[in-house]
Amino acid sequence: MKKIGIILVTLLSLTIGCALVIYFFFPEFLYNSSIQQARKSAGLLKKSINVDGINMVYLEGGKGEQKLVLIHGFGGNKDHWTLFSKFMSDKYHLITPDMPGFGESSKFEDQSYDILSQVNRLKNFVDKLQLKSFHIAGNSMGGHIAALFTIKFPEYVLSLSLLDAAGVKSINKSKLSVFFEKGENPLVVKTTQDFDRLMELAFVKPPIIPGSVKKLFTKEAITNSKLNDKIWKDMKDIPAPLENLLSGITAPVLILWGDKDKILDVSSVPVFEQCIKNYKTVIMKDCGHSPMIERPEETAEHLRNFYTKL
């Protein structure tokens with residue numbers, strides 16, 4: 001028995017030791033393992049397709065006949081929707097792309113990434129996948145893209161969901177706009193401190209991220225900072241304001257917002273409401289800029305309720 005006890009203690013020590021080595025020295029393995037598990041739980045598979053010379057990587061899965069296209073925000077990627085997708089994939093066929101310039105999709109510094117250009121790329125993407133009609137939802141920049149797509153190509157869209165969407169000028173200033181006035185852009189991460197500041201802006205309760213994984217995220221963001229600066233400049237230099245276009249939307253619209261959004265103030269909601277004919281509004285209490293990350297199950301419930309009543 002004594003020998004068995006020694007063996008068990010040794011095995012336990014080795015297990016803990018291996019876990020610590022992975023935690024401190026292989027954060028990419030730790031992150032990839034957790035992402036793979038989250039995708040598996042949501043029934044999503046990673047795929048890629050070449051669209052006019054652009055390699056677009058996306059997640060696809062789900063059991064339903066109705067299709068739902070999900071568009072991430074600035075600096076985001078397809079996996080910003082993965083936790084949310086777990087609560088949607090039993091009834092909906094989900095397609096979640098990395099928009100060009102982000103995630104694992106092509107990043108070309110000699111192309112423009114203004115909103116209209118991204119809308120046209122999204123159109124080419126759904127055509128290549130032979131998607132004829134679908135629900136579309138977008139967060140932040142993704143909401144701006146989804147709204148303009150709905151305006152330009154209404155024949156594709158069954159409904160539009162705007163989650164803390166960009167594209168209109170809010171009535172009140174957000175905390176982010178105060179940084180802009182000082183000549184700072186917290187959305188482009190260039191240091192560890194920038195990453196922490198962005199988390200504080202994006203969430204009411206920032207997710208707990210292991211230190212080694214946070215370093216990985218920060219390193220990736222810094223690597224992408226030059227291109228992100230260009231993408232931001234493209235969107236600013238070639239704006240696509242929505243206020244004068246939203247009245248042309250005929251599809252049903254869900255406007256969903258976190259009441260404590262520090263990036264796009266909740267006072268954007270009445271701007272959308274006064275321009276859109278057929279809408280439903282949901283304000284999530286004590287929620288920040290990315291409800292599908294901060295409160296994925298509740299966010300999914302709001303979208304499911306919206307679709308059920310169409």
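Q: Which residues in helix α8 are buried?
A: In this predicted model, S212, V213, L216, T218 and A221 are the buried residues of α8, where buried means under 20% relative accessible area, exposed over 50% and partly exposed in between, with a 1.4 Å probe and protein chains only. Helices are DSSP runs of H or I with at least four residues, numbered from the N terminus.

Q: What span should α8 have, and how far apart are its end C-alpha atoms?
A: The expected span is 1.5 Å times one less than the number of residues. The 13 residues of α8 (residues 211–223) should therefore span 18 Å, and its end C-alpha atoms, 18 Å apart, agree with this.

Q: Is T82 buried or exposed?
A: T82, which lies in helix α3 (residues 82–85), has 2% relative accessibility and therefore counts as buried. Leaving aside residues up to four places away in sequence, T82 touches A38, R39, A42, L44 and L59, contact meaning heavy atoms within 4.5 Å.

Q: At what angle do α4 and α5 pack?
A: Helix α4 (residues 115–128) and helix α5 (residues 141–152) pack at about 70 degrees, their axes 9 Å apart; axes are lines fitted to C-alpha atoms over the stretch in contact, with angles from 0 to 180 degrees between N-to-C directions. The two helices are therefore roughly perpendicular (65 to 115 degrees; under 35 is roughly parallel, over 145 roughly antiparallel, the rest oblique). Among the residues making this contact are I115, L122 and V126 of α4 and M141, L148 and F149 of α5.

Q: What conventions apply?
A: Residues are numbered from 1 along each chain as its sequence is written. Local features need pLDDT of at least 70, side-chain atom pairs count only at pLDDT 80 or more, and totals for chains, interfaces and linings use all residues, while side-chain values use heavy atoms, leaving out hydrogens and water.
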